[in-house]
Amino acid sequence: MKALNAALIGHGYWGKNLLRNLKESMFVDQIHVADSNPKVIAQLNATERSIHTTTSADELLRSEDIDVVFIATPGSLHFEMAQQALSSGKHVFVEKPVVTRSVEAERLLDMAKKSGLTIVVDHTFLYNEAVQKIKELISANRFGKLNYIDCTRINLGIYQQDVNVMWDLAAHDISMINYWTNELPITVRAVGKVNKRHEVLDLAYIFLTYSSGLFVQINCSWASPVKIRKTIIGGSERMIIYDDVEPTEKLKIYDYRNVENDKSNPKKLLVDYRLGDVTIPKLSLTEPLKAAVTDFFESIIEKRSPLSNIQTGIDVVKILECADLSLQENGKPIALR
Ligand SMILES: NC(=O)c1ccc[n+]([C@@H]2O[C@H](COP(=O)([O-])OP(=O)(O)OC[C@H]3O[C@@H](n4cnc5c(N)ncnc54)[C@H](O)[C@@H]3O)[C@@H](O)[C@H]2O)c1
């Protein structure tokens with residue numbers, strides 16, 4: 001297949017990472033970038049001579065020379081742009097959250113099905129080696145029965161203009177949990193705090209319950225003095241700590257099969273820090289975004305569904321909608337439909 005012409009819409013924080021990957025991709029011929037901020041375009045023009053730039057997203061979305069569109073604008077703009085790209089026959093790679101209302105995501109799914117075009121929703125963590133390793137271990141039943149998942153994703157800012165902290169940060173955890181468990185929650189509950197200065201929810205706790213008995217807690221915040229990215233998964237046979245801030249030892253697996261509870265000494269378990277062996281799997285450190293971009297192009301060529309497909313995006317958005325509703329109702333459990 002000939003290399004494709006790509007348009008990137010939005011050259012902000014994440015768009016810059018996408019552009020770097022597009023420049024390195026063997027699947028891409030010409031690159032076009034649109035950003036509505038003229039200063040962003042001027043800076044880009046000063047360093048990138050071979051890239052066609054414009055302040056008009058519309059111009060690229062309508063252009064017949066473009067085959068694929070990468071959307072890295074704020075979430076509230078994704079639907080219009082993705083819809084326009086699909087209508088003019090372009091494959092779409094759209095940032096998370098795919099859109100801000102599940103009905104819009106369903107509409108995109110419908111359009112992609114009818115046109116045979118590909119949509120990747122960039123839930124980048126699904127392409128992370130540590131996340132893949134956990135999926136492999138869960139699928140091979142290495143944890144036994146899953147009892148709980150506890151996620152912490154907190155840092156200072158960056159405040160998004162159009163979505164709250166759950167849509168920005170917890171979206172990552174929800175995408176991973178859906179992927180790992182292959183199961184959707186039955187109820188969603190959320191409590192949080194609105195920051196008066198920024199007038200946006202910047203701290204939240206989300207609780208998910210499952211028919212299997214699994215219980216999930218997600219803490220997300222833009223108001224933390226430190227950056228923490230930690231997930232603990234507790235199973236009946238093993239537990240795992242996934243620390244994404246760790247440069248190399250991201251996963252630690254704690255084994256407590258065959259550990260006899262010493263009934264003659266009930267205090268022993270309380271003073272033992274470790275119950276069994278701890279193993280640290282070796283992971284190759286490929287950039288997850290590079291893998292996501294490659295999956296997008298390969299899915300187009302092979303006419304197959306990508307790993308992070310539109311249904312993945314819809315499932316995340318539906319859970320976030322329930323979390324918003326629960327917040328408005330002071331933490332009432334909301335049934336996921
Ligand atoms: N996958 C990930 O891990 C990840 C990480 C960070 C951000 N994101 C997502 O990427 C998206 C962008 O986030 P960001 O942090 O880069 O935001 P940002 O504000 O840094 O960048 C957005 C850019 O879009 C441009 N823009 C706004 N409206 C536009 C329009 N109508 N036409 C053309 N350009 C327009 C802005 O000028 C800006 O340069 C969000 O959906 C966010 O959730 C994903």
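Select helix H5 (102-115), helix H9 (288-302) and helix H10 (310-328): each supplies at least two residues of the lining of the second largest pocket. Helices here are DSSP runs of H or I with at least four residues, strands are E runs of at least two, and both are numbered from the N terminus. The model is predicted, so local features need pLDDT of at least 70 and side-chain atom pairs pLDDT 80 or more, while totals for chains, interfaces and linings use all residues. Residues are numbered from 1 along each chain as its sequence is written, and side-chain values use heavy atoms, without hydrogens and water.

Stay at this pocket. H5 gives the largest share of the lining, three residues. A pocket is an open set of points on a 1 Å grid over the protein atoms alone, where a 1.4 Å probe fits, with protein on both sides within 12 Å along at least five of seven lines; lining residues have an atom within 4 Å of a point. The volume of the second largest pocket is about 310 Å³, counted as the space filled by probe spheres set on the points, which are joined across faces, edges and corners. Now select Ala 112, Leu 117, Thr 118, Ile 119 and Arg 304, which are the closest to the pocket centre of the 17 lining residues.

Next, pick Lys 318 and Glu 106. They form a salt bridge, with the closest N and O atoms 3.2 Å apart; the term means a side-chain nitrogen of Lys or Arg within 4 Å of a carboxyl oxygen of Asp or Glu. Lys 318 is in helix H10 and Glu 106 in helix H5, 212 residues apart, so the pair links distant parts of the chain. By this rule there are 16 salt bridges.

Move to the ligand. Of the 24 residues around the ligand (a heavy atom within 4 Å), Tyr 13, Trp 14, Asp 35, Lys 96 and Thr 124 come nearest. A backbone N or O atom of Tyr 13 lies 2.9 Å from a ligand oxygen. In the side chain of Glu 95, an N or O atom is 3.0 Å from a ligand nitrogen.

Then select Lys 96 and Pro 97, joined by a cis peptide bond with omega about -15°. Pro 97 sits in the loop between strand E5 (91-95) and H5. Another cis peptide bond, between Gly 157 and Ile 158, also has omega of about -15°.

Finish at Asn 141, which has a positive phi of about 55° although it is not a glycine. Asn 141 lies in the loop between helix H6 (129-139) and E7.

Key:
Polar contact = N/O pair within 3.5 Å; in protein donor to acceptor, adjacent residues only side chain to side chain.
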